[in-house]
Amino acid sequence: MSISSHYEITRVDSRKDKLKFNFRSLGQKELLKAIEFERLPMWLAGKPVYNIGFGDNEQIGIMDTTVSNNGDVYKVFNTVLSTIPLFFEHHPGAAIHVRGSDSCESYFDRCIMNCRRACIVKCRKEGRRMSVYRSFVNKYYHQLMIDYELFGGIDNNVSLRTNWEYYTIGKLYDVILVYKKPK
């Protein structure tokens, strides 16, 4: 799948457990952004799993909960997507774990400190990023399936496990898992 409009990336770290890229978001202002694939302590289907994270690149690390509103969301998203084939060049037998940073349990606790909407029980912004990721996969599912295997995960809060299944268009997943199909 070809990503048309994206920013130029620079690889800044390439190790067995991590692959990191930087780029500059050139929307309303110039922001340094980072994309990082980091090894998780889990294996699925006999394959190592890496989390993909991206956000503002700060001295303390990637701030993936920040909403920059820089006016270039699609170009930033395309830039992140453009690194996925590069990841699989470095880790062909691995899987990518995709979960929105606004879907974690701690998100509400962080959000409520600066919330202007006065949410009480659940944050109204919770899950927006995962919704964007699912929308992308739903829209480009048939193109993605040419090169990738996609699985959807639904968190089971009772067993504290994720139940995995082949990705189904339109289903509400908590997490997406991406494998590169062997050639």
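1. His97 is found in strand 6, where strands (E, at least two residues) and helices (H or I, at least four residues) are DSSP runs numbered from the N terminus. At 9% relative accessibility, His97 counts as buried; the term buried denotes under 20% relative accessible area, exposed over 50%, and partly exposed in between, with a 1.4 Å probe and protein chains only.

2. The model under discussion is predicted: local features need pLDDT of at least 70, side-chain atom pairs count only at pLDDT 80 or more, and totals for chains, interfaces and linings use all residues. Residues are numbered from 1 along each chain as its sequence is written, and side-chain values use heavy atoms, with hydrogens and water left out.

3. Along strand 6, Ala95 and His97 point one way while Ile96 and Val98 point the other way, and all are buried. Strand 6 pairs with strand 9 (residues 175-180) in the antiparallel sense over 4 bridges; pairing requires that DSSP finds at least two bridges between the strands. Within strand 9, Leu177 stands opposite His97.

4. The contacts of His97 (heavy atoms within 4.5 Å), not counting residues up to four places away in sequence, include Val175, Ile176 and Leu177. Also among them are Leu40, Val49, Tyr50, Asn51, Ile52 and Trp164.

5. Helix 1 (residues 73-82) is largely enclosed by the rest of the structure, because 7 of its 10 residues are buried. The buried residues are Val76, Phe77, Asn78, Thr79, Val80, Leu81 and Ser82.

6. A search of the whole structure finds 5 salt bridges, a salt bridge being a side-chain nitrogen of Lys or Arg within 4 Å of a carboxyl oxygen of Asp or Glu. One of them joins Arg99 to Asp155, with the closest N and O atoms 2.8 Å apart. Arg99 lies in the loop between strand 6 (95-98) and helix 3 (106-112), and Asp155 in strand 7 (residues 148-156), so this pair ties together parts that are 56 residues apart in sequence. Asp155 is partly exposed, at a relative accessible area of 26%.

7. Glu30 and Arg24 form a salt bridge whose closest N and O atoms are 3.3 Å apart. Arg24 counts as partly exposed, at 43% relative accessibility.

8. The side chains of Glu165 and Lys171 also meet in a salt bridge, at 2.9 Å from N to O. Glu165 is partly exposed, with a relative accessible area of 27%, and Lys171 is partly exposed as well, with 31%. Elsewhere, salt bridges that share partners join Lys18, Glu36 and Glu38 into one network.
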